[in-house]
Amino acid sequence: MPDMTVTENTGARTEEAAALIGDARERVNTLDDRIIGLVQERMAVSAVIQDARITSGGRRVNLSREMEILGRYREALGKPGTALAMTLLELSRGRV
Ligand SMILES: O=C(O)C(=O)C[C@]1(C(=O)O)C=C[C@@H](O)C=C1
């Protein structure tokens with residue numbers, strides 16, 4: 001009889017699978033922490049660019065640059081990459 005506390009948490013049906021999933025979930029959590037940190041770092045760098053542009057008399061948004069970024073993410077990750085890039089842009093410059 002498998003340990004139900006472990007298998008309920010992971011959805012696994014064997015102890016072996018539950019252990020593997022537990023380890024892999026730790027790695028996913030570590031990666032997510034790093035991704036969140038990188039997103040926050042991206043937001044801060046983007047704010048520096050936007051402030052410089054606005055202070056110099058320009059506009060917050062630069063559409064041609066956004067198209068370039070959307071293209072990079074789409075090329076690397078496909079259609080969901082475009083959605084991810086749009087979310088990153090919204091986090092970085094707010095809604096337009
Ligand atoms: O690259 C710029 O010029 C930025 O202002 C940064 C950034 C971004 O977060 O990627 C933010 C707003 C612009 O519309 C385009 C891109």
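What is the handedness of the crossing of H3 and H4? The crossing of H3 and H4 is right-handed, a term used when the near helix is turned clockwise from the far one by less than a right angle, with anticlockwise giving left-handed.

The model is predicted: local features need pLDDT of at least 70, side-chain atom pairs count only at pLDDT 80 or more, and totals for chains, interfaces and linings use all residues. Residues are numbered from 1 along each chain as its sequence is written.

**Helix pairs**

Helices are DSSP runs (H or I, at least four residues) numbered from the N terminus. Axes are lines fitted to C-alpha atoms over the stretch in contact, with angles from 0 to 180 degrees between N-to-C directions.

| Helix pair | Axes come within | Crossing angle |
|---|---|---|
| H2 (residues 15–55) and H4 (residues 79–93) | 8 Å | roughly 55° |
| H3 and H4 | 7 Å | roughly 140° |

H3 and H4 are therefore oblique to each other. Oblique is what remains after angles under 35 degrees (roughly parallel), over 145 (roughly antiparallel) and 65 to 115 (roughly perpendicular). H2 and H4 are therefore oblique as well, and H2 passes H4 in a right-handed crossing.

On the H2 side, Val 39, Arg 42, Met 43, Ser 46 and Gln 50 meet Leu 88, Leu 91, Ser 92 and Arg 93 of H4. Contact requires C-beta atoms, placed from the backbone, within 7 Å. This contact of H2 with H4 has 4 nonpolar, 3 polar and 2 charged residues. Nonpolar covers Ala, Val, Leu, Ile, Met, Phe, Trp, Tyr, Cys and Pro; charged covers Asp, Glu, Lys and Arg; the others, Gly among them, are polar.

Between H3 and H4, the H3 residues include Glu 66, Ile 69 and Tyr 73, and those of H4 include Lys 79, Pro 80 and Leu 89. The contact of H3 with H4 divides into 10 nonpolar, 2 polar and 3 charged residues.

**Domains**

The protein chain is divided into domain 1 (1–58) and domain 2 (61–96), with bounds from an automatic or database domain assignment. Their C-alpha centres lie 20 Å apart. In domain 1, 5 residues are in contact with 4 residues of domain 2. The side of domain 1 that touches domain 2 has 2 nonpolar, 2 polar and 1 charged.

**Ligand shell**

Around the ligand are Ser 46, Ile 49, Gln 50, Val 61, Asn 62, Arg 65, Glu 66, Ile 69, Leu 89, Ser 92 and Arg 93, each with its C-beta atom, placed from the backbone, within 6 Å. H2, helix H3 (63–77) and H4 each give two or more residues to this shell. By class, the shell has 4 nonpolar, 4 polar and 3 charged residues. Domain 1 and domain 2 each supply at least three residues.

Key
Two residues are in contact if their C-beta atoms, placed from the backbone, lie within 7 Å.
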